[in-house]
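Dear colleague,

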Amino acid sequence: MKELDVMTISRVGQSTFPKAWREAAGLSRGGVVEVRPLQDGKHSLLLTPRPARREGAVGLLKAMRGCPRGFPDVPRHALPFK
């Protein structure tokens, strides 16, 4: 990859990143990027590709099963006036 690459941002804020960077970051088909402003006096941005989630609800179910159980079950009984 080149040392310096220039990008153009449209009026609505859209831009296309260099192809070599997208392929190196695993974003050749698009994806989510975290953007952090740097306080360096040049208005620089730090772009970090966010890894894709693959577990979905399966991972959530596994995490919920690992949680400790709440209160014990209460025995139910019929009220005398019913």
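Glu23 and Lys19 both belong to helix α1 (residues 19–25), where they sit 4 residues apart, which is about one turn of the helix. Please bear in mind that this is a predicted model. The side chains of Glu23 and Lys19 meet in a salt bridge, at 4.0 Å from N to O. Side chains of opposite charge can pair when their charged atoms come close. Lys19 counts as exposed because its relative accessibility is 55%, whereas Glu23, at 49%, counts as partly exposed.

Searching the whole structure gives 4 salt bridges, and another of them joins the side chains of Glu34 and Arg50, at 3.2 Å from N to O. Glu34 lies in strand β1 (residues 33–37) and Arg50 in the loop between β2 (45–49) and α2 (57–65), so this pair ties together parts that are 16 residues apart in sequence. Both count as partly exposed, Glu34 at 24% relative accessibility and Arg50 at 47%. Together with Arg36, Glu34 and Arg50 are linked in a network of salt bridges.

Arg69 also forms a salt bridge, with Asp73, and their closest N and O atoms are 3.3 Å apart; Arg69 counts as exposed at 67% relative accessibility, and Asp73 counts as exposed at 64%.

Turning to the aromatic rings, the count comes to 1 aromatic pair. The ring centres of Phe17 and Trp21 are 5.2 Å apart and the planes stand at 40 degrees, so the pair is tilted. Phe17 counts as partly exposed, with 25% relative accessibility, while Trp21, at 18%, counts as buried.

Definitions and conventions. Residues numbered from 1 in each chain as written. Predicted model: local features only at pLDDT ≥ 70, side-chain atom pairs only at ≥ 80, totals over all residues. Heavy atoms only, no water. Phe/Tyr/Trp six-rings, centres within 6.5 Å; stacked < 30°, edge-to-face > 60°. Buried < 20%, exposed > 50% of the residue type's maximum accessible area, 1.4 Å probe, protein only. Helix = DSSP H or I, 4+ residues; strand = E, 2+ residues; numbered from the N terminus.
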